[in-house]
Amino acid sequence: MTSDATGSGMTRRSFLRASTVLSAGVAAIAAGLAPLRKIGQFSSVDEFLQKYYKELTPEEMKAVLARIEDEVQRQYGIRPHVRDYRPMNGVEFVYALNLTRCVGCRMCVHACVAENNQSRNPEIQYIRVLKMPNDGTFDVDKGDHNYAPKSVPQAGSFYMPVQCHQCKNPPCVKVCPVKATWQEADGITVIDYNWCIGCRYCEAACPYYARRFNFTDPSIPPDQLNLNMSYLGNRPRRKGVMEKCHFCIQRTRAGRYPSCVEVCPTGSRKFGNILDPDSEVSYILTNKRVLVLKAELGTLPRFFYYFDI
Amino acid sequence: MTSRGPGQPLDSVPSRLNPNPNTSIVLTVLTAGFVVLAYAFARVPARPGLVSRPPLVSREALAITPGTVRVSAAELIRSGGDVSGLDCYACHHKDSPPEIKYDAEHRIVLPKEHADLIISMRNCSECHPPNDPVKLDYDASGNVIVPEAHKGLLAMAHGHTLRNNNCYNCHDRDQLDQLHTPEGVVLKFEQATLLCASCHGPTYRDWMAGAHGRTSGYWDRKAGPMRREECASCHDPHAPAFTGLIPMPGPHLLHPLPQQRQVPPRGPDDHDL
């Protein structure tokens, strides 16, 4: 102190030392903040600061939906109609699939891709159709995803499409560390794509391999975009979030059948409200032989396989 | 380890099974309770196998386009048949309509991939006047020999053994565009579904309940109509079995598949998507 106070107060040596330390410090801070330059995936401050889905007030939700419409318009050049469909009272969705009739044509897989705005390259498919040996087993390890014969069905096999089973006791919901996925009142397990941190715990937890991860930025040709969108459903996702079948929430919560049901050429796919005793699924669960995949896991799926015989 | 004599029983004090008198009372009461429960279960009538319920499809809805034998669309157009019921938008989407081409005589030119498309649009009575029954010929094994005029027009394959290829099992002998059930109930073509039901009862039951056949539209009856398909919309009555379909592409693969793989090695941590 006393030595510095003599003379001009700063020697050449102390100036050089101080300026070197200062510039090194600034450089270190700049290097530390460098990853922030790549933060471009947050297209707005509003999005970065957006609240959790369940905490949004109706006014805030309206603003969020308008913002998503803006974002899609900016990215794809078309303005979609994004809505927040809520569960209907007295409705619990159940899916039934007729294993006797399914021929494995994979039309459902591609109708789903088109309806739900999945990435086309690499293509993300919610439904996987397993070609199973017709030897009385339901061991999915014996299934083949990649069959490509000239014509289906092939003798000696049956076909088992697997998608999200919308479990009543969902393992994926239990493992989510940020509660970005949860079960709604009508039985659909949904994902808030803005809340998902992309840890993929849910993908590992799902015994039906139903969840898909966006490893890259999804690419959808703008002319193939389905403009009827919902917040928890088929609005375009981004790199680093999970997605999965949501029973076409934008259709089913408006009273319509899911896309895969409508497209099935053999009528193997059945969908409806299990709380309605007159629905097809009520009839099937009451009168048909029904199989639950991996029932021993206690996940209580809302997706049932049934047989005609 | 204590040594035990060879003749000594394992349980050396069998004199009193229940040393505590309360235990005996509890066990007796429990046994009596189970007997009463078993008797009660035996008395309760068994649950009926089928639940009776109103049909999803009303009788009025049983109306298909009247009229016809199912021929391929190309065949029909070539023969100058009535194509007014040909609905391209049953499969094509209205937002992206197919480009329809016409020939010099204003007949639709079908693209090659629709060559085997089946539609139903031909009246039997165009060729067969009423009350002029056709005499059928049978081969040595008792099967009907399909008349020469129907070759290439009708695919005959109803039933695994082709035993149902006898025209008059379904068609009325005197008036071919009328149908009749084995019991003799006369039906019109637009009631063909009821004819199918006369043999395929369980399938008809499932169809009425919505468990068989294609469904589209609205699951919520309050929100909008549900569309069901009749038997003949999907099945050709003369050859009802489905023909094979070309499967659409499978999952996106990051790596090419090993060609000679009998059972894919696939564990819980190894999946393609």
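How many residues of chain B are in contact with chain A? In this predicted model, local features need pLDDT of at least 70 and side-chain atom pairs count only at pLDDT 80 or more, while totals for chains, interfaces and linings use all residues. Residues are numbered from 1 along each chain as its sequence is written, with chains lettered from A and ligands numbered from 1 in the order in which they are written.

The answer is 34, and they meet 45 residues of chain A, a contact being a pair of C-beta atoms, placed from the backbone, within 7 Å. On the chain B side, strand β9 (residues 215-217) contributes the most, with three residues; helices (H or I, at least four residues) and strands (E, at least two) are DSSP runs numbered from the N terminus. The predictor assigns the complex an ipTM of 0.81 and a pTM of 0.71.

Turning to chain A, the fold comprises ten helices and twelve strands. Its C-alpha atoms fill a box of roughly 105 × 45 × 40 Å along the principal axes. Among contacts in chain A between residues at least 6 apart in sequence, 65% link residues at least 24 apart.

The mean pLDDT (the predictor's confidence in each residue, from 0 to 100) is 72 for chain B, with 61% of its residues at 70 or more. Helix α4 (residues 201-209) of chain B has the highest mean, 91, and strand β1 (residues 69-72) of chain B the lowest, 47. Across residues 48-71 of chain B the pLDDT is below 50, although this stretch has 47 contacts in the model beyond near neighbours in sequence. Where pLDDT is low, predicted coordinates should not be read in detail.

Terms used:
Contact = placed C-beta atoms within 7 Å.
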